[in-house]
Amino acid sequence: MTRRLRSCVAGAITAMVLGSASTVSAQGTTGVIEGKVTDQSTSRPIEAAQVFIDGTSLGGLTNAQGTYRITGIPITGASRTVTLRVRSLGFNPTTRSVTVSAGQTATADFTVSASAIQLDQVVVTGSGQRTEVKRLGNTVAVIQPPQNAPINDVSNLLAARAPGMTASPGGGLSGEGARLRIRGNASLTQSNEPVVFVDGVRINSGGSFGIGTGGGGSPSRLDDIDPNTIERIEVLKGAAAATLYGTEASNGVIQIFTKNGSSGPPRWSFTAQADASQFVDRVKPNSGYASRQSQADSLAAYWKIPGLQPYQVFEVPIFKDFFTETGNAQTYAGSVNGGTTGFTYFASGRYFNEDGPFGGTQYGPAKDAVRRIQTTANLQLVPFTNLRLGIRNNYFNIDQSVPENNNNIYGVNSLSYMARPELASCRSRGTGVVSEYIGPGDCAGPSDRFGNQAFMTAAEAMGQVNNSVVSRYLGIIDADLKLAEGLNWTASTGFDATAQRSVGFSRFGYNIDLFTAQTPDGARNTFNGDTRVLTLDSKLSYNKDLGSTWTTATTVGLQVFNDRTNNRTGGSQSFPGPGIEVVGAGGANITTGETFLTTVNGGYFGQSQIGFQNIAFMNIGGRYDFSSAFGASAPGVFYPKISFSVVPSDLSGWGSPLGLSTFRVRAAWGQSGRQPGAFDRFTTFSPLSSSLGAGLQPGQLGNQDLKPEIATELEGDSRPDSWKTALRSSSRTGIARSRTAW
């Protein structure tokens, strides 16, 4: 069955490619345009500049030498005049008319000038249309991955890259993600993470181990994505910018756009990278003193501090010396892109392996490590000049392990911080047995190596293992069809499926110092979770110029999201012996659990943009949202928006008054929301087990009139190229009924 399915898929793709070739040839004689794009001030070639024929899907990117080549341009008659556009991040867009003769190659070179404040930078908003920043009244930050920088994950790529957005790291262990916040928190009860889209499809951007505290930190599913495949990231900040994304967008929106192929022969790229990492030395050393001479002599021998005297304070950096090391990481990556006018491809693979800076493996099996396998294959098909199809496939496999850490009384960190070096010895505090001394913090058997007084010893904490393995597939199909002059239909559908298997495990007899009473005969907790996110997005846009003065751009569309999670858990304690350490072998606290949840939300939206002489623009739009989490008396919610942007410096008579060569004034007002929990409106019960049998106990009261939280934001600024003033204000209304939270 699998072989047959692969054959069918391969046959379909082959047919589409052959159909593309036959369609182009059937349209008549074709022409070619080639040339070079350079920086006006330095004459250096511009790499990855977009060069395309206006009104068509024909175009591509410049290579490292700044050259481009567009083939297969259909020509009716002897020649055809087309409008060629060039766009590149950080440069002003350039347009020129080029005449192409049948069967000939036309040359069109471009020189582009740097843009002072990026007003002509092209972005994609909630309407799905590409538009210049200067036409928007709200802010859109664009993050371009830096060249030749050691970026190992998306969390690192987002950190400190855009004003108003913070990426707070976890505990610093390998594979731990960052908490993302855009302009602070927007909700008191729900998640404050922004919504994340990849190539127009919403993805699962959460992350946890699913087993208790998971060691104390959390991974981020956002870091599953290979940063080397990202072309750019757009950040929509706040409600005024994210209105068209509706419910769940009040915390902002992050849009990730991955790389596409370009016409030409295959271009290969290979990377090998080695990294080293260490914890910053911010933990103060543990300190203590001996209260009598015999104790001073014993501590002097144990910690190797010659001449230690009673009441002389001494210091031992326990965490730094015994539980940290120099971490190392290796990255091996490769990619290829190329194609023809009718078919382009981009494929990449990456292997990343890191053994982090958390040490202490001489005491137990816990380790700080992550291994990522990330693959991507993006195909672009142009079977007709007015139709573009995209097929994107991504597969990720992540294996992550962490010790118990962070703010956790059974964590290695806290136990090493609270250790008292004046009480350390090779005598077991639990049994009084004295073990052979090997060196500072090292005894041959049970001991009080660091002077721990409660919970467990730091060495015993290294016997607690947390491991998570994730397999994930992200598939996207999108289409762009030109129905008529100025009328376009775009659609995309995506499937993001994540399967996670996590284990929290303490082996039988992990209490090597015979001190802890926390499940000394071992414990095991398992988590099996499946998450699926389905996206359907369809938009119809119409762009029309009303003479040489007015321009309009209108978009209407529909988005639907279907999220489903299915989790299964199990756990037990007190195993009968080593090697028999599965959940079913536990003799105490045997637990099982299963949860499943499906939420559906979506909305209808529309936006219209009116421009005047390419210097003044107004955007008016709104979205009507529905969700399965809304109460029965709240069938839907409407989110409006309005914004304007004026760029007087684009007037032909602008003479750079006060030395201002570029000047813009903008303002935006809008709303977006945050849906309540899926079952918050219901009166619920939870299971109750007893010796008399199964039963129920009250859960939550629920509220049938529950509505989503609504964030309302007003922002604006004036933006010259040499100075800037800004004023922003926001308010958030409504958690349930007509309540207001300020």
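Visitor: What makes S30 and strand S31 a pair, and in which sense do they run?
Guide: This is a predicted model. In it, S30 and strand S31 (residues 588–612) share 23 bridges. Two strands pair if there are at least two bridges between them. So S30 and S31 count as paired, in the antiparallel sense. Within this pairing, Val-556 stands opposite Gly-606 in S31.

Visitor: How many bridges join strand S29 and strand S30?
Guide: Strand S29 (residues 523–546) and strand S30 (residues 550–573) are joined by 24 bridges, antiparallel. Phe-527 has Thr-569 in S30 as its bridge partner. The hairpin of S29 and S30 has 3 residues between the strands. There, Gly-547 takes a positive phi near 75°.

Visitor: Why is S13 called largely enclosed?
Guide: Of the 5 residues of S13, 4 are buried, so the rest of the structure largely encloses this strand. S13 also pairs with S12, antiparallel, over 5 bridges.

Visitor: What does Gly-171 touch?
Guide: Leaving out residues up to four places away in sequence, Gly-171 touches Glu-176, Phe-279 and Asn-406. The C-alpha atoms of Gly-171 and Asn-407 are separated by 9.3 Å. Along the chain, Gly-171 and Asn-407 are 236 residues apart.

Visitor: Which strands stand at the edges of the open sheet, and why?
Guide: The order of the sheet is S11-S16-S17-S14-S15, with mixed pairing. S11 and strand S15 (201–202) each have a single partner strand, so one side of each lacks a neighbour in the sheet. S11 runs antiparallel to strand S16 (residues 230–236), joined by 4 bridges. In S16, Glu-234 is the bridge partner of Val-142.

Visitor: Why is Asn-152 called buried?
Guide: Its relative accessibility is 16%. The cut-off for buried is under 20%, so Asn-152 qualifies. Asn-152 is found in the loop between strand S11 (140–143) and helix H2 (154–158).

Visitor: How do you know that Asn-152 makes a polar contact with Gln-273?
Guide: The side chains of Asn-152 and Gln-273 meet at 3.3 Å. A polar contact needs N or O atoms within 3.5 Å.

Visitor: Is Gln-464 buried or exposed?
Guide: Gln-464 has 9% relative accessibility, so it counts as buried. Its place is in strand S27 (residues 464–484). A polar atom of the Gln-464 side chain lies 3.0 Å from the backbone oxygen of Tyr-410. Among the residues that Gln-464 touches are Ala-366, Met-456 and Phe-505.

Visitor: What makes Asp-54 and Arg-85 a salt bridge?
Guide: Their closest N and O atoms are 3.2 Å apart. The cut-off is within 4 Å, so the pair counts as a salt bridge. Asp-54 lies in the loop between strand S2 (50–53) and strand S3 (59–61). Arg-85 is in strand S5 (residues 79–87), 31 residues apart from Asp-54. Asp-54 is partly exposed at 37%, and Arg-85 is partly exposed at 27%.

Visitor: How many salt bridges does the structure hold?
Guide: The structure holds 24. One of them joins Arg-420 and Glu-422, at 2.9 Å from N to O. Arg-420 is partly exposed at 39%, whereas Glu-422 is buried at 12%.

Visitor: Why is Glu-485 called exposed?
Guide: Its relative accessible area is 67%. Exposed means over 50%, so Glu-485 qualifies. Glu-485 forms a salt bridge with Lys-482, with the closest N and O atoms 3.5 Å apart. Lys-482 is partly exposed, at 22%.

Visitor: Which residues make the nonpolar surface patch?
Guide: Met-618, Ile-620, Ile-642, Phe-644, Val-665, Trp-669 and Leu-714 make this patch of about 560 Å². Strand S32 (616–627), strand S33 (637–646) and strand S34 (663–674) each give two or more residues. Val-665 is in strand S34. At 31% relative accessibility, Val-665 counts as partly exposed.

Methods. Residues numbered from 1 in each chain as written. Predicted model: local features only at pLDDT ≥ 70, side-chain atom pairs only at ≥ 80, totals over all residues. Heavy atoms only, no water. Buried < 20%, exposed > 50% of the residue type's maximum accessible area, 1.4 Å probe, protein only. Polar contact = N/O pair within 3.5 Å; in protein donor to acceptor, adjacent residues only side chain to side chain. Contact = heavy atoms within 4.5 Å. Patch = residues over 30% accessible without salt bridge, like charges linked within 9 Å, V, L, I, M, F, W, Y side chains within 5 Å. Areas by Shrake-Rupley, 256 points an atom, 1.4 Å probe, with all protein chains shown as cover. Salt bridge = Lys/Arg side-chain N within 4 Å of Asp/Glu carboxyl O.
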